[in-house]
Amino acid sequence: AAGDSDWYSRLKAAAVSMLAVHDQEHDTSFTANFPGVTLDANGNLSDTSDIPQNTRLGHEVVLCHRCHADNVIAVLKSAYGPDGNLIPPLTEAIHRNHQNNPFMDSNNRNGGCQGCHPAHRSDGDMTGYPITELGLNAQSAGDNRDAAGGCFVGRDVHSNRNRNADATTPSHMNAVGQWLVDNVVSDSGTDKGIWCTNCHTQLSQEMWKADNWSDPVNNVGTTVRNAPTLADVAAGLGITEAQAIAWLDPKTNADTAAIWTPDPGLCDHVATLFGAPASWQQDGMVATIEVNLSTDPTQCSSGLGVPGPDCNGDGSPDFIICDTADGDGDLSVNILDFCTTGDCVAAAQATLTGPGQAAVPVPFSAASDGRDHWLSPGEPHCADCHASPYVEQSGSQNPFPPFNYPRKPALFRYTRGHQDITCQGCHESIHGLYPTTAIDTTSQAQAADLNADGSLGPLKCGACHDANADGVMDWTDKLTYNGQPIKADFDAAVSWMHTYTDEADPTASVCTNCHSDKSSEVAPNKEEWLEHAMKGRVSRATMDKVETALLGGVSGATNPLTTVCQGCHGDNSSDVSCANAKWKAHLTEGRVSASVWEAVANAVAGDTCGY
């Protein structure tokens, strides 16, 4: 349907070419039998009786993951090369190889990002493809950000040159983000946004590793991200400002070299227990586990363990990795905590009382040869550039390892914000963040359809709520953000909305929006309180949170027939029946918590009516 195109044949030719280059550079033999037969003078197969292959390569298909670990598809183990060294993970091998090849634009930013990641069209149209037929950067004399676009360039808010017209609220930058605004966004004289290497940086990883941030949204805990200048951020990480800039806007191979420094994993980290300095660039830590500094597994708290690595090369293990047996008898590393900050490690150590037992935070490379490149430390975070509350939650509130870790900013795509709505629910996906450009017409149309004013996102209050003329939910008479009333201040309203997460205390905001503090009137026998959800004053979910905070559980969690039920009427248990619409409406109208309704239905009628 797309017409005649050589796109597919070019794609396959490129694949064979890459295998041939791999053979040349790494002494492999993937193409040794290609094409596997001989041709006569006329170009015809000279002998087809004994073709020694099941593909034109002469063997089965080549799968990169047979040698290269890759966390994306959970291939956790790499093979060893002929030299005895562990083969690097796929992501690292590809990026390391390409960063050493000149593919720069006139600003010395590597153009390989958009060259390799989707920039072509599935219909075979190669117009605007950022790599020339000679394999060179099409923007070598220009700016990568001027490319036609695709996966990222010219698509979402970070590279949308019209973003400040489409989204008029402030960006709320921290020192790192402000440095990018001042030194990258308009470095050519016009606003072109930022480039891939300004987000996927070593600086991002180093800030993540230094975080001890239990609640980033409300800025509780410690982090270098709140420092007033980039120089202060760098000082907090123990590096120079020049190094921070080199990581934040790399222009040469040397600027990114630290990303690829080998990590010996468990050996080097356990060595720090004896006062030896860490001599390698470490991955982010994945978990705090138990080891025993003896070589006797019975000294582990579980009495189980396996030999650790031979760190000093004397032919024997230097310590024991302690295990526990799971339900089916398999041994698993004894994870003491997914939190790896100093205080968490100390708390874990305090639980160990036996000789030689040690709590050790271990790097990603100790768990996976795929390292951390597609997991939480290795990916960018909103908190890299934006200030609280415009950041992800911590894994302390939204745990989901290996993506979200305690006291560290979670990954955007695994984070929930305003009353448990995903961040993507209002902002779109990470590489399609509103407002997008005309390159992404689907996202543009979606945002315009959901926003009452036709704006291109992010989604505004009016997408879900009745909003006033200022675009703020028309039920915010007394709500404030940092002392600023939000009813007529859209930016203050959005800031407050980011703080009103699923963990927020409604009694400190939503309840006092209508009246003074009446916490003392929250009780299973207070009819006025029990009718809040039924009369549409607040949601049933909000009532559940208030009751849990003030009463220790939802009203009627124990003895509902004699407590919450009679808070509104007498004993009407005889009316509990799936044939009684009024009884079933107790659930749909939020008169009682869902858990209480279900308990009463099962206890009295023995039936939850299919709900």
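These are my notebook entries on what I looked up in this structure, which is a predicted model.

**Entry 1: the whole chain**

I started with the overall layout. I found 19 helices and 10 strands in the chain. The C-alpha trace spans about 100 × 65 × 60 Å along its principal axes. Of the 611 residues, 41% are buried. I also looked at contacts between residues at least 6 apart in sequence, and 56% of these join residues at least 24 apart. The accessible surface comes to about 30200 Å², and carbon and sulfur atoms hold 54% of that.

**Entry 2: disulfides**

Next I went through the cysteines. A disulfide is a covalent bond between the sulfur atoms of two cysteines. How many disulfides does a search of the whole structure find? It turns up 4. Counting bonded cysteines along the chain, I get the pattern 1-3, 2-4, 5-6, 7-8.

I took C300 and C322 to begin with; their sulfurs sit 2.0 Å apart in a disulfide. This pair links distant parts of the chain, 22 residues apart: C300 lies in the loop between β3 (285-292) and β4 (305-307), and C322 lies in strand β5 (residues 320-325). Is the bond left-handed or right-handed? The torsion about the S-S bond is about -75°, so I noted it as left-handed. C300 is buried because its relative accessibility is 4%, and C322 is buried at 0%.

Then came C339 and C344, joined with an S to S distance of 2.2 Å. This link has 70° about the S-S bond and is right-handed. C339 is buried with a relative accessible area of 2%, and C344 is buried with 7%.

I also checked C578 and C609, a disulfide with S to S at 2.2 Å. C578 is in the loop between α17 (540-551) and α18, while C609 is in the segment after α19, so to speak a link between distant parts of the chain, 31 residues apart. Its -95° about the S-S bond makes the link of C578 and C609 left-handed. C578 counts as partly exposed, at 25% relative accessibility.

C116 is exposed, with 52% relative accessibility. C382 is in no disulfide either, and the nearest cysteine sulfur, in C423, is 6.5 Å off. I have C382 down as partly exposed, at 23%.

**Entry 3: empty space**

Rolling a probe the size of a water molecule over the atoms shows where empty space is left. I counted 3 cavities of 30 Å³ or more. The second largest cavity has about 40 Å³ of space. Its lining includes G111, Q114, P130 and W195. By class, that lining has 3 nonpolar, 5 polar and no charged residues.

I looked at the second largest pocket too, with a volume of about 410 Å³. It is lined by 23 residues, and C565, H569, N572, H586 and R591 are the closest to its centre. The lining divides into 12 nonpolar, 5 polar and 6 charged residues. α16, α18 (581-588) and α19 (594-605) each supply at least two of the lining residues.

**Entry 4: P524**

Last, I picked out P524, in the loop between α15 (490-499) and α16 (527-530). P524 is partly exposed, at 27% relative accessibility. Beyond its neighbours within four places in sequence, P524 contacts L530, L551, S555, T563, V564 and G567. Its C-alpha is 9.1 Å from that of C568, 44 residues apart along the chain.

How values were computed
Residues are numbered from 1 along each chain as its sequence is written. This is a predicted model: local features need pLDDT of at least 70, side-chain atom pairs count only at pLDDT 80 or more; totals for chains, interfaces and linings use all residues. Side-chain values use heavy atoms; hydrogens and water are left out. Helices (H or I, at least four residues) and strands (E, at least two) are DSSP runs, numbered from the N terminus. Buried means under 20% relative accessible area, exposed over 50%, partly exposed in between (1.4 Å probe, protein chains only). Contact means heavy atoms within 4.5 Å. On a 1 Å grid over the protein atoms alone, a cavity is a set of points where a 1.4 Å probe fits but cannot get out, and a pocket is an open set with protein on both sides within 12 Å along at least five of seven lines; lining residues have an atom within 4 Å of a point. Grid points are joined across faces, edges and corners, and a volume is the space filled by probe spheres set on the points. Ala, Val, Leu, Ile, Met, Phe, Trp, Tyr, Cys and Pro count as nonpolar, Asp, Glu, Lys and Arg as charged, and the others, Gly among them, as polar. Accessible areas come from the Shrake-Rupley method with a 1.4 Å probe; for residues, only the protein chains shown count as cover. A disulfide is a pair of cysteine sulfur atoms within 2.5 Å.
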